[in-house]
Amino acid sequence: MHDFEKKGCQTRIIHAGHRPDPATGAVSTPIYQSSTFAFKSADHGAASFRGDPDGGFIYTRLGNPTIMALEESLAILEKGCGAMACATGMAAVNLVYYALLSQGDHVVCTESLYGPSRMVLETEYPRFGIAATFVDSADAHNVAAAMTPATKLVYLETPANPTLKLADLTAIAAIAHRHGALVCVDNTFASPYLQNPLELGADLVLHSMTKFINGHSDVVAGMVVVKDRDLHKRLLKVHRNLGGTMDPHQAWLVQRGIKTLGLRMDRAQDNCLKLAHFLEKHPKIAWVRYPFLASHPQYDLARRQMRGGGAVMSFGVKGGLAAGKKLMDNLDLCTLAVSLGGIETLIEHPASMTHAGIPEADRRAAAITDDLVRIAVGCEDYADLEADLARVLATI
Ligand SMILES: *Cc1c(COP(=O)(O)O)cnc(C)c1O
C-alpha cells in the first residue's frame, strides 16, 4: 500500500489492487468463480480458519481473490486500512447500521439521504430500539444540536442527493468525536477521485459502486471502507455472517469499470459544469444547484473539500412540476431513468421517483421541491447535450 501514497490518483485507480495473477500471469484479475477452496492438508485448513499468513481462502462468502483485489483497490483509493465488498450499495449501508447500532442507540443523519438509506432508519431499525434524527447537515450546528448521550453514529451524504448540499466533514467529525460517536460518509456522489472523507476525519466511508465507480449502468454493488483495524474487525465479522457479500463475477465487472473512473469523471464533470453555466443563464430555468458553481451557497467549502464538483446537478424549470415533466418527456439524448454515474446522461424527478417514499412534508423540509429535476451528466459530446436541453426548453 505504501507505494501508492506517492502516486497520482489516476495511477492509483488503474493499478491499486490490480496485479498480474500469481498463478497464470493474467494481466486482468481472473474471475475466481468458485464457492469453496481446497486445502492442501488438514493443517493448512486449520491455518486458514485461524487467519494465519500461510493459510488460504476458505469459502467465497468469507473471502475470494477476485473480490479481495477490488477491496484492496478501494481501501487504497479511500486511504483506509480495509474494505468490505457488498452485494449492493444498500447492503453496505445496512452493514454499517447493523454493525454499529444497538438497542437504545441513536444516529444523526443528513435529512435528504438516499431514499432507502433514510427509509430503513424510519421503518425497520425502530423495531430494534434504534432512533434516528434527520438534520440539515449543511449547517454543522444542526448536527451538534441533535447529538445526545445515546448518539453512536453520525451518518452523512455530501454532496447530498438530490439537493447537492454539502456537509463540512472536518467540522462535523470534530463534533461527533467530542460526543464519542463515529462518522460514516456515503461518498457515492463524489467518488474517491474527488473526495476522501477518511482524510477529513470520517471513520467509515461507503459507496454504491453501482454509480461512478463501476460507471456503466450494468452492475449493482457496494463497498464499505474503514479507517482502522478495530473497526475492520468489528464490521468484517458482521459482514460475513450477515451475508450481503459480493459475487466474484460482479467484483470483476466493477474492476473493469473502475479503471476508467478518473477519465470518465474528468469528462463528465467538465460537461456538467458547462451545462450548469448554460442552464444558469437560461430564461426558462428558475435555479441551478451544483457544488462548483460560484452561486452554490457552500462554494468555498466545495473548493476546500472536493477536487471537483462531480457530475450530478439539480435545477428547477420555471413552471414547476408540469414544466419539468414536459422537459423530461421530450429529451432525446438524456435518458429518463433513476441512478447516476453512468457513461450516459440520465435525468429524473426525485419528488415522484427516487424520493417519493418520503412523506411530502419531510420532502419539502429537506428542500426536495416538486420542481427539482436531477441530471446525472455523462460523457457524451457537450454540444449534443446542450442542444438536447435547449431544443426542449425552447418549447416550454
Ligand atoms: C444508489 C445509491 C445508494 C444505494 O446503492 P444500490 O447499489 O442501489 O443499493 C446509496 N447511496 C447513494 C448516494 C446512492 O446514490
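Trainee: How do the axes of helix 11 and helix 15 cross?

Mentor: In this predicted model, the axis of helix 11 (residues 261-281) comes within 10 Å of that of helix 15 (residues 382-393), and the two cross at roughly 30 degrees. The crossing is right-handed.

Trainee: Which residues in helix 11 and helix 15 meet?

Mentor: From helix 11, Arg267, Asn271, Lys274, Leu275, Phe278 and Leu279 take part. Helix 15 brings Tyr382, Leu385, Glu386, Leu389, Ala390 and Leu393. Sorted by type, the residues of this contact are 8 nonpolar, 1 polar and 3 charged.

Trainee: Now the sheet. In what order do the 7 strands stand?

Mentor: The general idea is that strands of a sheet pair through backbone hydrogen bonds, either parallel or antiparallel. Here the order is 1-7-6-5-4-2-3, the sheet is open, and the pairing is mixed.

Trainee: Why is one side of strand 1 and of strand 3 left without a neighbour in the sheet?

Mentor: Because strand 1 (82-86) and strand 3 (131-135) stand at the edges, and each has a single partner strand. On average, neighbouring strands of this sheet are turned by 20 degrees against each other, if direction is ignored.

Trainee: In which sense do strand 2 and strand 3 pair?

Mentor: They run parallel, and 5 bridges join strand 3 to strand 2 (residues 106-110). One of the bridge pairs is His106 with Ala131 of strand 3.

Trainee: Which strands does helix 4 touch?

Mentor: Helix 4 (residues 89-100) packs on the sheet and touches strand 1, strand 4 (151-157), strand 5 (182-186), strand 6 (204-208) and strand 7 (222-226). The direction of helix 4 makes about 150 degrees with that of strand 6.

Methods: Residues are numbered from 1 along each chain as its sequence is written. This is a predicted model: local features need pLDDT of at least 70, side-chain atom pairs count only at pLDDT 80 or more; totals for chains, interfaces and linings use all residues. Side-chain values use heavy atoms; hydrogens and water are left out. Two strands pair if DSSP finds at least two bridges between them. Helices (H or I, at least four residues) and strands (E, at least two) are DSSP runs, numbered from the N terminus. Axes are lines fitted to C-alpha atoms, for helices over the stretch in contact, and angles run from 0 to 180 degrees between N-to-C directions. Contact means heavy atoms within 4.5 Å. A crossing is left-handed if the near helix is turned anticlockwise from the far one by less than a right angle, and right-handed if clockwise. Ala, Val, Leu, Ile, Met, Phe, Trp, Tyr, Cys and Pro count as nonpolar, Asp, Glu, Lys and Arg as charged, and the others, Gly among them, as polar.
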